[in-house]
Amino acid sequence: MGLKLMCVVAHPDDECYAFGGALALAADRGVETYVVCLTDGQAATNRGDAENGEALGSMRREEFRASCEVLGVTHCELMDYQDAQLEFVEFSKTAERLVERMRRFKPDVLITFGGDGGQNTHADHMMTSMLTTAAFHWAGQPKRYPKAGHPHKAQRLYYVTANFLMPDRQPAMMMPWTLTLDIRSVRERKSEAFRKHVSQAPLMEKTKEIFERYGAEEFYALAATTEPQACKLQTDLFEGLT
């Protein structure tokens, strides 16, 4: 059985903006990938030509699917939580839904945001981190959610981080990275996936220089693993896994 990578994000465009290099590299090596997005992004500042929140949500769902297709994502799912309101969800119930998906998909490696909320310190990103982290641990515990499938322990949990801060944002307290991914071979595909988010064109223009300067690498921090070990620098999410 081949390797599997699961990615949990908060909004459409997170999958490419933050994780696009990792997902495209995984696809190129035949890794089965699954992206779960918790909201449809109806609260976005950039709204394209959408007349209301429902129309924007519908638009962004299609953009999300198109982006995942460019990245070679095997499975993508957009859930039904409200954008900009993740801090108010019922934590245990939401984590259970993620546990069910982890037990069904059985990922080897899980990637998501860190508790810093990403470079824009978004509260939805912070909650995505907390929910995914709990689900990562609980998915392997038989006493947690016995009706959500057979227990499964993913081997590694990584948080995305970065080697720079956004110049116009409240400075994030970024987690030191343990893994550097060289994404030059898939850099254009990551950009093409981002361009599929037509409603977010102003954001693309605003961050263009940042991508040009820092877009050759993605950085991740190893947050949990099945074996006790000292941190070491890595260049491969799947190092040592078969």
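Two strands are taken to pair if DSSP finds at least two bridges between them. In this predicted model, strand S1 (residues 4–9) and strand S4 (residues 109–113) meet that condition, pairing in the parallel sense over 3 bridges, and leucine 5 stands opposite valine 109 in S4. Both strands belong to an open sheet of 7 strands with mixed pairing, in which the order is S3-S2-S1-S4-S5-S7-S6. Because strand S3 (75–81) and strand S6 (179–182) stand at the edges with a single partner strand each, one side of each is left without a neighbour in the sheet. From one strand to the next, the twist averages 25 degrees. Helix H3 (residues 53–71) lies across strand S2 (32–39) and S3, and runs at about 155 degrees to S3.

The largest pocket has a volume of about 850 Å³ and is lined by 40 residues, with Asp13, Tyr17, Asn120, His125 and Leu203 lying nearest its centre. At least two residues of this lining are supplied by each of helix H1 (14–17), strand S5 (156–161), helix H7 (201–206), helix H8 (208–214) and strand S7 (217–225). By class, the lining of the largest pocket comprises 18 nonpolar, 12 polar and 10 charged residues.

For the second largest pocket, the volume is about 260 Å³, and the residues that line it include Arg187, Lys190, Phe194, Met204, Glu205 and Phe211. Helix H6 (187–195), H7 and H8 each supply at least two residues of this lining, the largest share, 5 residues, coming from H6. The lining of the second largest pocket has 3 nonpolar, 2 polar and 6 charged residues.

Methods: Residues are numbered from 1 along each chain as its sequence is written. This is a predicted model: local features need pLDDT of at least 70, side-chain atom pairs count only at pLDDT 80 or more; totals for chains, interfaces and linings use all residues. Side-chain values use heavy atoms; hydrogens and water are left out. Helices (H or I, at least four residues) and strands (E, at least two) are DSSP runs, numbered from the N terminus. Axes are lines fitted to C-alpha atoms, for helices over the stretch in contact, and angles run from 0 to 180 degrees between N-to-C directions. Contact means heavy atoms within 4.5 Å. On a 1 Å grid over the protein atoms alone, a cavity is a set of points where a 1.4 Å probe fits but cannot get out, and a pocket is an open set with protein on both sides within 12 Å along at least five of seven lines; lining residues have an atom within 4 Å of a point. Grid points are joined across faces, edges and corners, and a volume is the space filled by probe spheres set on the points. Ala, Val, Leu, Ile, Met, Phe, Trp, Tyr, Cys and Pro count as nonpolar, Asp, Glu, Lys and Arg as charged, and the others, Gly among them, as polar.
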